[in-house]
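Dear colleague,

Please read them beside the coordinates and tell me where you would describe something otherwise.

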2 protein chains.
Amino acid sequence: MATGRTHRPATRSRGIPEATVARLPLYLRALTALSERSVPTVSSEELASAAGVNSAKLRKDFSYLGSYGTRGVGYDVEYLVYQISRELGLTQDWPVVIVGIGNLGAALANYGGFASRGFRVAALIDADPAQAGKMVAGLPIRHTDELEAIIEDNQVSIGVIATPAGAAQEVCDRLVAAGVTSILNFAPTVLSVPDGVDVRKVDLSIELQILAFHEQRKAGEDLGGAVAPTSLPKAAVDRSERPGPDGDVPVVMPA
Amino acid sequence: MATGRTHRPATRSRGIPEATVARLPLYLRALTALSERSVPTVSSEELASAAGVNSAKLRKDFSYLGSYGTRGVGYDVEYLVYQISRELGLTQDWPVVIVGIGNLGAALANYGGFASRGFRVAALIDADPAQAGKMVAGLPIRHTDELEAIIEDNQVSIGVIATPAGAAQEVCDRLVAAGVTSILNFAPTVLSVPDGVDVRKVDLSIELQILAFHEQRKAGEDLGGAVAPTSLPKAAVDRSERPGPDGDVPVVMPA
DNA sequence: CCTTGTGAATCGTTTCACAGCA
DNA sequence: TGCTGTGAAACGATTCACAAGG
């Protein structure tokens, strides 16, 4: 979910629900695969199962875009690909910059999924002068000093932050000051941004922690009961038991 | 959200809402930072703002865990760190394997956030024989042939898939057959898994597409109207207009 | 007859607002 | 007095079930 308090609460016109927007890329991927196999039409049932959702949800989602199906038949694949692409804004070109070219930044730079949608990596930026000039994914790494100029020259409105947590807020501030209004943040920090700027967060360690929660539950069920003594009296907890957490996350990469 | 149809619908005992579970790691991070600065207590207001949520939500979330605060005062930082860690299952050790050691897999292997929570990278696995034996993040890359043995020897229940999309389902099947019951999937595919296996998905390109949607909206608003002719008659769309999408995503890395 | 599109019912989450307690 | 804990209200998303329409 976007972190910054954004998203017009009023405006009330073509309101596509957030949950629906988040699924459109999923449908698009499934449709693209069908399109490659030259499948002309799909039913909501088929497409839903390819996208990993149920058909009622899919139909409701599509109903927000308009009436693009044919009753008794299904949806025209090419037509839907086009409609969803347009709705998502992928029929235009989006230059993005990636800041922080460690392993993660490099992985992102090499990621084919960007180019094949409307995204074009306009520049790779890193704070380490020693990295400057090195080629990654066919692009030279440029130094942070050039950040503002790069944003302006390329009309970049989307920035990807793949720096260590400590650097993220400063990078974010500079991106925003230079005109970026959407940020994809891989650093494990809460970024604060002015109104009108969207932040989305991808946090590897959080995803694992959620898995661990469910995993623990499963283990508990195998034994047929609650896993841990869930409610021991507060006084019983020895403060030194967990000896004061072990230094938080040097984070993703030396950037 | 988890993709596989999982999550016990019945059981009905200590039901912590999914939305709450997903925020616990966030609180934990904020609390850990406070703990390092030796802050003894926080109010819901302070902690909420550090975690980027509002205080009512945070209090409701904590109320599912129990009554861990003190009215008029706030929450004991160390105590809460411990309670949340335990609830998330982070007081135990979780061995994980990472399959697919391209740039992304390497970034994950180097990611400090794993070790500092209860996660231990038990092995790195790649299908490329030429990679086998190379050291990444202090661990040797091992060949896919060894996958089953590694899982068993290390009692691994959590697997991370960072392979190209084409390989993901097969890797997933092998992981599950070998006993893995939680999967974090970075490949842009819908994985199908048997009941009882949890899948969480991180998709870089989807996040960007969601940003593009909102970005487009902003651009449209600047001009004070709808961006695109949102509803043109179906017949008007020339099928050859978007010439059949350009090959989906070679994906993350040559793995 | 088949599949879409959608009101209405349901479910889960968030927010409000205040009683309860240190 | 101040902040937690929580019922109750509001909101949003999902699912149901069926009428509409090719």
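In this predicted model, a polar side-chain atom of B:Arg71 lies 3.1 Å from a base oxygen of DNA strand D, a polar contact in the sense used throughout (a pair of N or O atoms within 3.5 Å; within protein, one must be able to donate a hydrogen and the other to accept it, and residues adjacent in sequence count only if both atoms are side-chain atoms). The phosphates of DNA strand D are also contacted: one phosphate oxygen is 2.5 Å from an N or O atom in the side chain of A:Asn54, and a phosphate oxygen is 3.3 Å from a polar backbone atom of B:Tyr68. The elements that give two or more residues to the surface near this strand are helix 1 (18-36) and helix 3 of chain A, together with helix 3, strand 2 (69-70) and strand 3 (74-76) of chain B, where helices (H or I, at least four residues) and strands (E, at least two) are DSSP runs numbered from the N terminus.

Altogether 24 residues surround DNA strand D, and the closest are A:Arg23, A:Asn54, A:Arg71, B:Ser44 and B:Tyr75; a residue is called near if one of its heavy atoms lies within 4 Å of the strand. Sugar or phosphate supplies 65% of the atoms of DNA strand D within 4 Å of the protein, and bases supply the rest. By class, the residues of this surface divide into five nonpolar, ten polar and nine charged, with Ala, Val, Leu, Ile, Met, Phe, Trp, Tyr, Cys and Pro counted as nonpolar, Asp, Glu, Lys and Arg as charged, and the others, Gly among them, as polar.

Turning to helix packing, the axes of helix 2 (residues 44-51) and helix 3 of chain B come within 8 Å and cross at roughly 105°, the axes being lines fitted to C-alpha atoms over the stretch in contact, with angles running from 0 to 180 degrees between N-to-C directions. These two helices of chain B are therefore roughly perpendicular to each other (angles under 35 degrees count as roughly parallel, over 145 as roughly antiparallel, 65 to 115 as roughly perpendicular and the rest as oblique). Their contact (heavy atoms within 4.5 Å) involves B:Ser44, B:Glu45, B:Leu47 and B:Ala48 of helix 2 and B:Ser55, B:Leu58, B:Arg59 and B:Phe62 of helix 3.

Helix 1 of chain B packs on helix 2 of chain B at an angle of about 110°, with the axes 9 Å apart, and the contact between them has eight nonpolar, no polar and no charged residues.

In chain A, helix 7 (residues 147-154) and helix 8 (residues 165-178) pack at an angle of about 40° with their axes 9 Å apart, which makes helix 7 oblique to helix 8.

On conventions, residues are numbered from 1 along each chain as its sequence is written, and chains are lettered from A and ligands numbered from 1 in the order in which they are written. Local features need pLDDT of at least 70 and side-chain atom pairs count only at pLDDT 80 or more, whereas totals for chains, interfaces and linings use all residues, and side-chain values use heavy atoms, with hydrogens and water left out.
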